[in-house]
Amino acid sequence: MGLLEYAEGKLAHKNKLPDFKAGDTVTVHYKIKEGDKERVQQYQGVVLQRRGTGALESFTVRKISNGVGVERIFPLNSPYIEKIEVNKQGSVRRARIFYLRKLTGKKARIAQKKNLIVGGETETPAAVNETAAAQ
């Protein structure tokens with residue numbers, strides 16, 4: 001085991017984070033220290049990209065605040081991330097959706113991925129086709 005693998009093992013996030021990708025709308029619950037106090041701040045926006053691997057992986061979230069676009073980069077394995085909630089799954093054809101920076105208003109909306117409800121559980125159409133083929 002090399003030094004890099006050892007460090008990645010120590011820095012790996014203890015919590016199981018949800019699977020999300022570019023185009024998804026997420027809420028990041030982030031701990032903020034102010035003096036000796038600590039509070040949790042929610043940051044909701046669209047994931048523009050995920051980059052890096054292992055312990056160095058990070059993701060960028062963009063939101064519009066008072067008419068101004070604000071982007072924030074979060075390290076995925078940060079101990080300050082309390083949890084990540086996936087609010088909507090977006091349907092995009094790119095891994096990095098920087099074109100969203102130029103768009104405003106209704107043009108900046110991302111189409112929502114269509115999910116099917118099968119037996120009380122939500123599944124994507126591809127997963128439904130796989131289960132039907134297996135039977």
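## Salt bridges

The count of salt bridges comes to five, where a salt bridge is a side-chain nitrogen of Lys or Arg within 4 Å of a carboxyl oxygen of Asp or Glu. This is a predicted model, in which local features need pLDDT of at least 70, side-chain atom pairs count only at pLDDT 80 or more, and totals for chains, interfaces and linings use all residues. Residues are numbered from 1 along each chain as its sequence is written, and side-chain values use heavy atoms, with hydrogens and water left out.

One of the salt bridges joins the side chains of Arg50 and Glu57, at 2.7 Å from N to O. Glu57 is buried, with a relative accessible area of 17%, whereas Arg50 is partly exposed at 26%. Here buried means under 20% relative accessible area, exposed means over 50%, and partly exposed is in between (1.4 Å probe, protein chains only).

Glu71 forms a salt bridge with Arg62, and the closest N and O atoms are 3.0 Å apart. Arg62 counts as buried at 14% relative accessibility, while Glu71 counts as partly exposed at 32%. The side chain of Glu71 also meets that of Arg101 in a salt bridge of 2.7 Å, N to O. Glu71 lies in strand 4 and Arg101 in the loop between strand 5 and strand 6 (116–118), so this pair ties together parts that are 30 residues apart in sequence. Arg101 counts as partly exposed, at 40% relative accessibility. Salt bridges that share partners join Arg62, Glu71 and Arg101 into one network.

The strands named here are DSSP runs of E with at least two residues, and helices are runs of H or I with at least four; both are numbered from the N terminus.

Five strands make an open sheet with the order 4-3-2-1-5 and antiparallel pairing. Strand 4 and strand 5 are the edge strands, as each pairs on one side only. From one strand to the next, the twist averages 40°. For such angles, axes are lines fitted to C-alpha atoms (for helices, over the stretch in contact), and the angles run from 0 to 180 degrees between N-to-C directions. Two strands pair if DSSP finds at least two bridges between them.

Strand 3 and strand 4 pair in the antiparallel sense over eight bridges. Arg62 stands opposite Glu71 in strand 4, and these two residues also form a salt bridge. Ser58 stands opposite Pro75 in strand 4.

## The hairpin and Asn66

Which residue takes a positive phi in the hairpin of strand 3 and strand 4? The residue is Asn66, with a phi near 55°, in a hairpin that has two residues between the strands. Asn66 has this positive phi although it is not a glycine. Asn66 is found in the loop between strand 3 and strand 4 and counts as exposed, at 80% relative accessibility.

## Thr60 in strand 3

Thr60 has its place in strand 3 (residues 58–65). Is Thr60 buried or exposed? At 5% relative accessibility, Thr60 counts as buried. Leaving out residues up to four places away in sequence, Thr60 touches Val46, Val47, Leu48, Gln49, Glu71, Arg72 and Ile73. Contact means heavy atoms within 4.5 Å.

## Aromatic rings

The count of aromatic pairs comes to five. Rings of Phe, Tyr and Trp (its six-membered ring) pair if their centres lie within 6.5 Å; planes under 30 degrees apart count as stacked, over 60 as edge-to-face and the rest as tilted. The ring centres of Tyr30 and Tyr80 are 6.2 Å apart and the planes are at 50°, so the pair is tilted. Tyr30 lies in strand 1 (residues 25–34) and Tyr80 in the loop between strand 4 (68–75) and strand 5 (81–88), so the pair ties together parts that are 50 residues apart in sequence. Tyr30 is buried, with a relative accessible area of 13%, whereas Tyr80 is partly exposed at 35%. Ring pairs link Phe20, Tyr30, Tyr43, Phe59, Phe74 and Tyr80 into a cluster.

## Charges over rings

A charge sits over a ring if NZ of Lys or CZ of Arg is within 6 Å of the ring centre and within 35 degrees of the ring normal. Arg72 lies over the face of Tyr30, at 4.6 Å from the ring centre. The charged end of Arg50 sits over the ring of Phe20, 4.5 Å from its centre. Arg50 also takes part in the salt bridge with Glu57.
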